[in-house]
Amino acid sequence: MAPYDGDLTELFTDAFFAPAHRADGPSPASPYLGLRHLQSRLGDQRPLLADHARLRAVLELSAMTDPRLFFAMFLHHCMAIGAALDFGAPHEDVARLASGQWIGAALMNETGHGNSSSAIRTQAVFDPAAREFVLHTPAPEAAKRPANVGLDGFARLAVVSARLRAGGADRGTALFLVPLRDGNGPCEGVTIESLAPTPLLPMDYAKVRFDRVRMPYRSWLRDGASIAGDGSFHDPLGPDARSRRSVGMSRFACGAVTAGLAAAARASVALALTHARHRRTHDRLAGDIEAIAHLNQQRLLFGAAADALAATAVARRATTRSWHIPPGGGVGTGPSAAEMRTLALNKVTVAVLADSAVTRCRSASGALGFFPEHGLIDYQALTTAFLSAGGDNRLIMLDAAWAMASCPDCVPPDDKTAPGSRPRLFRTRKRLLHTELTSALHTDDQGGTVRFETWNAQTELAQRLAEAHTTRTTAEAAAPAAAGPRAARADQRDLPPPRPHAEALTELLEIPDELLRSEHRCRTRHRPTGMG
């Protein structure tokens, strides 16, 4: 079958995706049936990651059509297939995933320790006699959760993180490609326990435990590492670097999640603006007029359009960096720590902007924003979920602030080279907050270390620094699109219109007070002794 080369939008407007609002809630199988339906219509046996623009378009349209479909699609095409390609999975396993025969999943988080690579307790012990790995969940808190693998009837193949032990030593967190269930139920040794349903982004969530599951050597996504016939272990990265490399598979989520959330924001704006243009209001002064004629509606909806614009600009920049796989795959160090922080901050930025856009649209739309048949409440569920999913926003911000304050090379960019007056102001704000935080952390510097108590007391300031950083980078990313079609790059020319001047001014008016407070604190902290 030849690959589909028509308008991708048409794939999502056929009868298969017609909304079906059941009294007992959405069908739990529909996201996976939709995934397979799209795969059959696309007719391409290659992984969608081979064509970034095509994958991004499919994910955006999935998010607009059904956020649950998007959730299944990004985990399958990005997290499972992305990791399989990047870490060198056997070709036949990638082919089974790409065809939709197996539906992919990612099992990284654990009940007791989230996605901390240093605290992963699931074990994969190498058996040299059989040349197999034994995958085991040693305690209840090591169960993988949440994973959308609870539904019967679909063969599931998951990327699973586990502490690799070989030759009696801990080799760091590694990744394995593990069959969880076939058409008849869970595979031998795999226990899948469904979780209580949630009204927000309802999927077949479950927790998964492994009881000494035997896995062949080929299931190890070894990424250049190997175990010789005599049992000797070789890994060019070492245990700590291996753990960072494994957790780095989250970069595939950054590209997908930002694309989906920005698309949901744009769809919300389109729905809400259309509704405001046709919704009639009976004003005591103007009589019968359109809702959009009211300035309060314009502020909400044009502000939402600006948020969607900014979210899309950031998301479009993130795709290539998030999804890049070196030729050949299976060997490498992955993105640097700085690159991973940038990608994670992109996710934070888009999640906050998209959530703000959808909230504004729902606020402006009355009952339209409450009932599921109109879609806004489902978009809100998606944006709300990813304030924590894919990396908790607050933790990502604090990690970024720590890096900016503790790394000698993390110097704020020069104000004078900023592309415009507003980005220049944002750079100034970041520089002042950076100075304040670094000064506060090193008042009790003990041989280059910072006490926990000192850092803990400055986390609010650290949060503001990270927010100032994302505000700056977002303003600079959106600047070409806001300047007009001639200045915008080709991939930005279909973005929503820029924020009206009144909205931009409102945001700018909130900044000088922060600048003044920060400048005052910095000057007070560094005032020479004896000065009044």
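This is a predicted model: local features need pLDDT of at least 70, side-chain atom pairs count only at pLDDT 80 or more; totals for chains, interfaces and linings use all residues.

Me: How many bridges pair strand β2 with β3, and in which sense?
Reply: Strand β2 (residues 123–127) pairs with β3 over 5 bridges, in the antiparallel sense.

Me: Which other strand does β3 join?
Reply: Strand β10 (residues 213–216). The two run antiparallel, joined by 4 bridges. Here Phe133 turns up again, standing opposite Met215 in β10.

Me: And how many residues of β3 are buried?
Reply: 4 of its 5 residues are buried, so strand β3 (residues 132–136) is mostly covered.

Me: OK, charges now. Which residue does Asp127 meet in a salt bridge?
Reply: Arg214, at 2.7 Å from N to O. Asp127 is in strand β2 and Arg214 in strand β10, so the pair links distant parts of the chain, 87 residues apart. Arg214 is partly exposed, with a relative accessible area of 46%.

Me: Why would such side chains pair at all?
Reply: Opposite charges can pair when the charged atoms come close.

Me: How many salt bridges does the count come to?
Reply: 27. One of them is Asp86 with Arg251, where the closest N and O atoms are 2.9 Å apart.

Me: Where do Asp86 and Arg251 lie?
Reply: Asp86 lies in helix α4 and Arg251 in helix α7, so the pair ties together parts that are 165 residues apart in sequence.

Me: Buried or exposed, those two?
Reply: Asp86 is buried, and Arg251 is too.

Me: What about Arg218, which partner does it have?
Reply: Asp93, with the closest N and O atoms 3.5 Å apart. Arg218 is in the loop between β10 and β11 (220–221), while Asp93 is in helix α5 (residues 91–99), 125 residues apart. Arg218 is partly exposed at 36% relative accessible area. Asp93 is buried at 8%.

Me: Switching topic. What order do the strands take in the open sheet with β8?
Reply: The order is β4-β9-β8, and the pairing is antiparallel. β4 (144–148) and β8 (190–194) stand at the edges with a single partner strand each, so one side of each has no neighbour in the sheet. Neighbouring strands of this sheet are turned by 35 degrees against each other on average, direction ignored.

Me: Over how many bridges do β8 and β9 pair?
Reply: 5, between β8 and strand β9 (residues 205–210). In β9, Phe210 is the bridge partner of Val190.

Me: Helices next. Which residues of α10 are buried?
Reply: In helix α10 (residues 376–385) they are Leu376, Tyr379, Gln380, Ala381, Leu382 and Thr383. Their cover includes α3 (52–65), α4 (67–86), α7 (251–278) and α9 (337–365).

Me: Last one, the overall numbers. How many helices and strands?
Reply: 16 helices and 15 strands. The chain has 532 residues, and 51% of them count as buried. It exposes about 24,300 Å², with carbon and sulfur atoms supplying 55% of that. Of the contacts between residues at least 6 apart in sequence, 72% join residues at least 24 apart.

Notes: Residues are numbered from 1 along each chain as its sequence is written. Side-chain values use heavy atoms; hydrogens and water are left out. Buried means under 20% relative accessible area, exposed over 50%, partly exposed in between (1.4 Å probe, protein chains only). Contact means heavy atoms within 4.5 Å. Accessible areas come from the Shrake-Rupley method with a 1.4 Å probe; for residues, only the protein chains shown count as cover. Two strands pair if DSSP finds at least two bridges between them. Axes are lines fitted to C-alpha atoms, for helices over the stretch in contact, and angles run from 0 to 180 degrees between N-to-C directions. A salt bridge is a side-chain nitrogen of Lys or Arg within 4 Å of a carboxyl oxygen of Asp or Glu.
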